[in-house]
Amino acid sequence: MRWEADTFRARTGIRCQVRANRTATRLDPGQQTALFRIVQESLNNVVCHANASAVQVTITENDSKVELRVKDNGRGITTAQAAAPTSLGLLGMKERAGRIGGSFAVSGQRGKGTLVSVTVPLGTPGPTSTPDARRGPRRPHRQR
């Protein structure tokens, strides 16, 4: 996440800070990847839509959950924009959060920015990394 923030800052000139209360996580690799992709999409939305000068990424982990918050100081997403079926980036983030057992929310306040929030309960299995594993167990091939 810190690497992504540094890359984002260098590419866009928008200040981006990451704060985390732990250096290691209990999230599995699939969950970590999903949160990373949500951060990437959130930062992309900041560049494309927010007209922001700063972004704060906060990751808080306790014994039962991980909370991710991406907050910018831009124009603020409207309720209609957040609910629009054409907001594919938001829909993708919501789906990613759901696949790892998490919840997703986005809200904005006019002139004060947008907040993307994801909460993932710990102990929830994340997505697998191989296509075969996602399909379930393979059936033995029958010889004819």
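Q: Why is E61 called buried?
A: The relative accessible area of E61 is 5%. Buried means under 20%, exposed over 50% and partly exposed in between (1.4 Å probe, protein chains only), so E61 counts as buried. The model is predicted: local features need pLDDT of at least 70 and side-chain atom pairs pLDDT 80 or more, while totals for chains, interfaces and linings use all residues. Residues are numbered from 1 along each chain as its sequence is written, and side-chain values use heavy atoms, without hydrogens and water.

Q: What makes the pair R22 and E61 a salt bridge?
A: The N to O distance between their side chains is 3.7 Å. A salt bridge needs a side-chain nitrogen of Lys or Arg within 4 Å of a carboxyl oxygen of Asp or Glu, so the pair qualifies. R22 lies in the loop between β1 and α2 and E61 in strand β2, so parts 39 residues apart in sequence are tied together. Helices (H or I, at least four residues) and strands (E, at least two) are DSSP runs, numbered from the N terminus.

Q: Why is R22 called partly exposed?
A: R22 has a relative accessible area of 35%, which falls between the limits for buried and exposed.

Q: How do you know that R9 and D6 are separated by about one helical turn?
A: R9 and D6 stand 3 residues apart in helix α1. An α-helix has 3.6 residues a turn, so residues three or four places apart point the same way. The side chains of R9 and D6 meet in a salt bridge, 2.2 Å from N to O. R9 is partly exposed at 33%, and D6 is partly exposed at 42%.

Q: How do you know that the buried residues of α1 line one face of the helix?
A: In α1 (residues 2–12), E4, A5 and F8 are buried. Down the axis they fall within an arc of 100 degrees, so they line one face; the arc is that of the directions from the helix axis to the C-beta atoms. The face turned away carries the exposed residues W3 and A10.

Q: Why is D72 said to have no salt bridge?
A: The nearest side chain of opposite charge to buried D72 is K71, 5.7 Å away. Lys and Arg count as positive and Asp and Glu as negative, with His and the chain ends not counted. D72 is in strand β3 (residues 65–72), and a polar atom of its side chain lies 2.7 Å from the backbone nitrogen of G74.

Methods. A polar contact is a pair of N or O atoms within 3.5 Å; within protein, one must be able to donate a hydrogen and the other to accept it, and residues adjacent in sequence count only if both atoms are side-chain atoms.
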